[in-house]
Amino acid sequence: MDWSRLIVIFILLLGTGHQIAAKNGITLSVFTVTSKSVTVQWSRYPGASSYKITATPKQAPKTPSFSQFGTNDVMGSVNSLTPNTMYEMEVTAMDNTSNVLSQAKVEETTAPEVPNIAKAYSKHSNSIIVEFSRVTGATGYTLRAETESGDFFLETQVTDSPGVVLNLKPYTEYIISAMSVNAGGRSQPSLPVAAKTVLPAPQLNTSSPNNSTIIVSWNPVDQAVLYTLCISKEGSGTCVKQNTTDTVLIFKDREPGTIYCIKGNAWDPNGIPGDDFSVCQITRPSIPVITQIMLSSVDPQVLFVNFTLVRGANHYQALSSTGQTCTSTDSPCTISPVSCGQTHTISVNAFNEAGPSDPSNPESFITFPCPPEILGVEEPEPANCTLRWGAVDWVDYYIAFVKRDDGAEEFCNTTTMQCNYICSCGFTYFMNVFAYNKAGSSFLGQVLNYTTIPCCPKNVSISLVSPDTLEIAWLPVRGAELYETKAAGTSDLIFCNDTDPLCALSNLQCNTDYSVVVRPCSELRGCNNTCKPHSGETAPCTPEILSIRQVNMSYVNVSWSANNTKAVYTARMAGQTDSRTCQSAGTFCEVSGLPCGTAYEVSVTAKTSAGLSFPSYTMPLETGPCCPESVNVRQVTQAMTNVTWSAATGAKSYIASLNSPRGTAKCHTLETHCLMGCITCGTNYTVSMTAISGTGHKYECTYQGFSSYACCPSHVKLYRMSNHSIRVYWSNSGAVGYTANLHGSVSNYTCTPQLGSSFCDVSNITCGDVYTVVVAPVSRDGTVITLCSKRMFSVSCSGSNVGMVIYRGKGSD
């Protein structure tokens with residue numbers, strides 16, 4: 001087996017070459033470099049029987065070195081080179097006749113020279129210090145540490161001498177070698193030297209049981225035969241050493257609250273000191289001194305404990321005999337809450353990392369007293385009160401505060417358990433008592449309120465608001481929750497209770513003097529019965545109307561009963577649009593000039609200086625109705641008229657009358673018009689009207705006369721005349737004028753005869769038509785009466801002349 005070839009293949013597979021140069025197909029790369037050799041690898045070239053490797057230095061002298069290799073070789077070395085030198089490496093492929101087939105070049109620098117280890121030693125249990133010679137051209141160094149058994153191997157890169165190999169085991173021997181490094185690679189290892197790591201440091205544990213002692217302990221270190229501890233005070237450059245074979249060491253007479261640093265190491269059997277370990281320990285603080293104990297001026301439940309600050313303490317704790325504590329980093333410390341009437345025995349400890357100091361000398365303090373219990377208030381006589389309370393412990397004196405509900409305040413300072421003060425009526429007083437000692441005042445305790453009896457009202461006014469009602473008003477008084485008003489008359493007693501300063505006493509006796517008393521009351525103290533009475537008078541009694549007598553249409557006499565000779569009586573007649581009054585000090589009065597058709601409500605009132613009485617019961621009064629202002633008579637037929645009139649004030653019905661020597665026509669109606677029959681034509685009538693009120697009052701009214709129309713003619717006939725003429729004939733009923741109207745479907749004709757005549761002729765009448773004929777009287781002013789009946793005649797033709805005239809009956813209107 002060709003082992004060299006397998007090695008070359010293995011190296012090629014590793015791919016660790018540097019630069020590859022290629023020319024005419026062959027490639028070249030550097031595989032590895034040492035101080036005096038360069039190993040290269042190349043690719044096979046077809047037809048090559050041998051390969052030549054030439055190493056030529058880049059600097060003078062340029063004496064090349066070379067090596068020859070066979071046809072199957074792809075890797076080779078050139079030896080005996082100069083360290084730390086740049087070489088041009090060339091590979092040449094040749095045939096059997098030494099002809100050059102292909103060439104490739106690459107540049108590479110050889111490694112520096114091998115360094116020399118001068119010394120290797122250990123100061124720490126996990127490292128070895130290596131001192132070696134510096135090599136020209138080296139950019140760094142590699143330190144190799146391995147155990148003799150081969151179970152440990154470590155390389156450490158360093159930049160200069162000395163170098164340190166770390167991560168080693170304590171008290172273990174290592175084989176150390178060094179190699180120089182540059183850009184080309186690293187040199188061969190130096191000659192090895194043996195070095196052993198020192199013992200590990202003891203792991204020191206410290207504590208301070210008091211303010212002058214430090215105890216140091218540790219676990220035994222394997223192979224150690226002696227221990228050295230060095231102690232120094234923080235800030236001091238002096239270190240005191242002490243050797244021991246034990247694992248506990250006590251340092252006494254240390255300063256309180258001071259930091260001490262202790263460094264320790266172990267020695268092996270060869271007298272070599274091992275690694276060291278340092279730890280710092282503070283001693284416990286000194287005992288603080290309590291300087292003052294006082295209560296807070298802001299919150300009396302907070303107790304301030306003042307003390308001296310000691311060196312090395314980071315906080316303090318005060319402990320009271322009540323079991324309460326407080327912790328602080330500075331003075332003072334506050335204990336809260338404290339209660340009244342307590343005795344506190346307090347001590348203070350200082351603390352740091354080592355623990356607490358011994359407690360300070362205890363100091364006692366008595367807190368503020370508890371608030372007294374108020375027993376009550378006595379008022380032996382009005383406006384003089386005495387406040388009493390019970391005694392409490394730890395008291396030097398008391399201050400009682402009495403505050404009135406309007407803000408006024410008084411106080412008394414006393415060593416007794418009572419206080420006298422003025423307590424005016426109508427006020428509520430709030431009382432509390434504070435107890436005092438050197439620590440201060442007690443808390444606000446029981447607050448007692450005491451309400452005095454309400455004062456009597458001032459400015460009481462009594463006014464009559466209605467005939468039987470008195471309104472009593474007064475100014476409010478302090479402390480009154482209710483007012484009781486009492487009015488005493490001749491035979492009755494009336495009460496009124498209300499919370500407002502106003503009372504109305506109603507349903508009183510008329511024409512009576514009352515004694516009125518207003519008593520203010522409170523729920524706590526009841527009513528004040530010392531208030532003086534006031535006088536009030538009710539109005540006169542209500543008059544009673546005895547009669548109302550209407551003397552004529554516009555004059556009335558009213559009489560009434562009178563029971564008060566000091567009263568002035570007023571009779572009032574109230575209508576919808578009109579009111580009248582009359583006054584008298586007696587029992588009657590008269591009113592005149594009343595209008596027609598007016599209804600009145602009559603009442604009587606009496607008035608004195610006290611006020612006005614209730615009005616009497618009203619009685620109705622109605623004057624006669626008025627006449628209608630206008631009456632109109634219109635004839636609608638020969639025997640019937642339509643009478644209309646304007647409405648009359650006060651009238652509920654009417655009787656209209658038309659009177660003539662030939663007879664009288666009447667109608668009675670609730671309306672303002674009526675149809676009246678039985679009228680005679682051509683007759684003069686007088687017109688009268690009777691207006692009747694709802695209560696039966698009547699008034700006769702006369703108006704201008706009325707004349708009926710002239711009578712319509714009777715026996716109206718048509719007669720045929722010659723020459724196409726028709727004669728209209730009627731019975732003459734008087735010396736009046738008439739007119740005849742003939743209305744046909746083709747032509748209309750009118751004829752008017754002379755006054756007193758009973759016929760007229762119509763010429764050139766059209767025959768063969770039906771005519772409606774009306775003959776009506778004509779009044780003197782020329783008005784044609786339209787009330788006469790119509791008659792129908794047919795006029796036939798006879799040849800070219802008028803034929804027969806036939807009466808067809810009455811025509812319709």
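# Gaps and pockets in a predicted model

Q: How do the residues lining the largest cavity divide into nonpolar, polar and charged?
A: This is a predicted model, and its largest cavity is lined by Pro 713, Val 716, Val 773, Val 774, Val 775, Cys 788, Ser 789 and Arg 791. Tally up the lining and you get six nonpolar, one polar and one charged.

Q: What is the volume of the largest pocket?
A: Start with where to look: 16 residues line the largest pocket, and the closest to its centre are Ser 708, Ala 710, Val 736, Ser 779 and Arg 780. The lining has eight nonpolar, seven polar and one charged residues. The space in there comes to about 390 Å³.

Q: Which strand gives the most residues to the lining of the second largest pocket?
A: This pocket holds about 190 Å³ of space. Strands E18 (226-233), E21 (259-267) and E22 (273-282) each give two or more residues to the lining. Lys 263, Gly 264, Asn 265 and Trp 267 are among the lining residues, and they fall in the 259-267 stretch. With four residues, the top contributor is E21.

How values were computed. Residues numbered from 1 in each chain as written. Predicted model: local features only at pLDDT ≥ 70, side-chain atom pairs only at ≥ 80, totals over all residues. Heavy atoms only, no water. 1 Å grid on protein atoms, 1.4 Å probe; cavity = no way out; pocket = protein on both sides within 12 Å on 5 of 7 lines; lining within 4 Å. Nonpolar A, V, L, I, M, F, W, Y, C, P; charged D, E, K, R; others polar. Points joined across faces, edges and corners; volume = space filled by probe spheres on them.
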